Amino acid sequence: MGTVTIGVSIAVPEPHGSLLQERRTGFGDAAAHGIPTHVTLLPPTEIDAGALPAVEAHLTEVAAAGRPFPMRLSGTGTFRPLSPVVYLRVVQGAESCARLQQRIRDASGPLVRELQFPYHPHVTVAHGIDEAAMDRAFEELADYEAEWPCTGFALAEQGADGVWRKLREYPFGGTVVPPQAAHVDRGSLPAR
């Protein structure tokens, strides 16, 4: 049956997702067109294709136990010199993301794996490009702000062409907060 490369992430919604993907492309990051703007919960992970049903069942359980939480991005950071990445900082929702990624990789589930680096929720805006372009991304997005209610996450598969395609969305607790209500009354979202 072969293997597939999957990932689990929280999408950065519109209009922010497209705008940041365009900016990433503009900085010279050729991979940007194939990577929707997101916060990673499970990095690219190769699994046996036959394990997908077990993965989907596990993610359904993780999502059912989750609750919506506010997400906010503010300013830039970098992993340089350790890793050639410039990112937007997750300044609200980071703890919730950390708990989610831990549940996804829990030893009782099918996605147990060690991470190459300690988990640090972020939105990549430049990766593996020349230093001058990395500096430009860091400076030009230093004042960038975005916020939204995180109401779930998604499973995606990387195609042979390098493009990531969403396989399925997993709403928290089986309910989704309507975007209009979330923008009007952010205080009603649990701060888990």
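This is a predicted model: local features need pLDDT of at least 70, side-chain atom pairs count only at pLDDT 80 or more; totals for chains, interfaces and linings use all residues.

1. Five of its seven residues are buried, so β7 is largely enclosed by the rest of the structure.

2. Strand β7 (residues 152–158) pairs with strand β1 (residues 3–11) in the antiparallel sense, over five bridges. The bridge partner of T5 in β7 is Q158. With β8, strand β7 forms a further antiparallel pairing, over seven bridges. Here F153 has Y170 in β8 as its bridge partner. Five residues lie between the strands in the hairpin of β7 and β8, and G162 in that hairpin takes a positive phi near 85 degrees.

3. These strands belong to an open sheet of four strands in the order β2-β1-β7-β8, with antiparallel pairing. Which strands stand at the edges? They are β2 (38–48) and β8 (164–171); each has a single partner strand, so one side of each is left without a neighbour in the sheet. On average, neighbouring strands of this sheet are turned by 25 degrees against each other, direction ignored.

4. Two helices pack on this sheet. Helix α2 touches β1, β2, β7 and β8, and its direction makes about 45 degrees with that of β8. Helix α3 touches β1, β2 and β7, and its direction makes about 10 degrees with that of β2.

5. The two helices also pack against each other. Which residues of α2 and α3 meet? From α2 come H58, L59 and V62, and from α3 come L100, R103 and I104. By type, the residues of this contact divide into four nonpolar, one polar and one charged.

6. Attention may next be given to L141, in the loop between α4 (131–140) and β6 (145–150). Is L141 buried or exposed? Its relative accessibility is 3%, and L141 therefore counts as buried, the cut-off for that class being under 20%. Leaving aside residues up to four places away in sequence, L141 touches R23, F27, G75, T76, L88 and V125. As for A31, it and L141 are 110 residues apart in sequence, and their C-alpha atoms are 19 Å apart in space.

7. The remaining remarks concern the chain as a whole. There are five helices and eight strands in the chain. Along the sequence, these elements follow the pattern β-α-β-α-β-β-α-β-α-β-β-β-α. The radius of gyration is 16 Å, close to the 16 Å that the globule rule gives for 192 residues, so the chain is as compact as a globular protein of that length.

8. Some overall figures complete the description. Taken along the principal axes, the box filled by the C-alpha atoms of the chain is roughly 45 × 45 × 25 Å. Of the 192 residues in the chain, 42% are buried. Among contacts in the chain with a separation of 6 or more, 74% are accounted for by residues 24 or more positions apart.

Conventions:
Residues are numbered from 1 along each chain as its sequence is written. Side-chain values use heavy atoms; hydrogens and water are left out. Contact means heavy atoms within 4.5 Å. Ala, Val, Leu, Ile, Met, Phe, Trp, Tyr, Cys and Pro count as nonpolar, Asp, Glu, Lys and Arg as charged, and the others, Gly among them, as polar. Two strands pair if DSSP finds at least two bridges between them. Axes are lines fitted to C-alpha atoms, for helices over the stretch in contact, and angles run from 0 to 180 degrees between N-to-C directions. The radius of gyration is taken over C-alpha atoms; the globule rule is 2.2 Å times the number of residues to the power 0.38. Buried means under 20% relative accessible area, exposed over 50%, partly exposed in between (1.4 Å probe, protein chains only).
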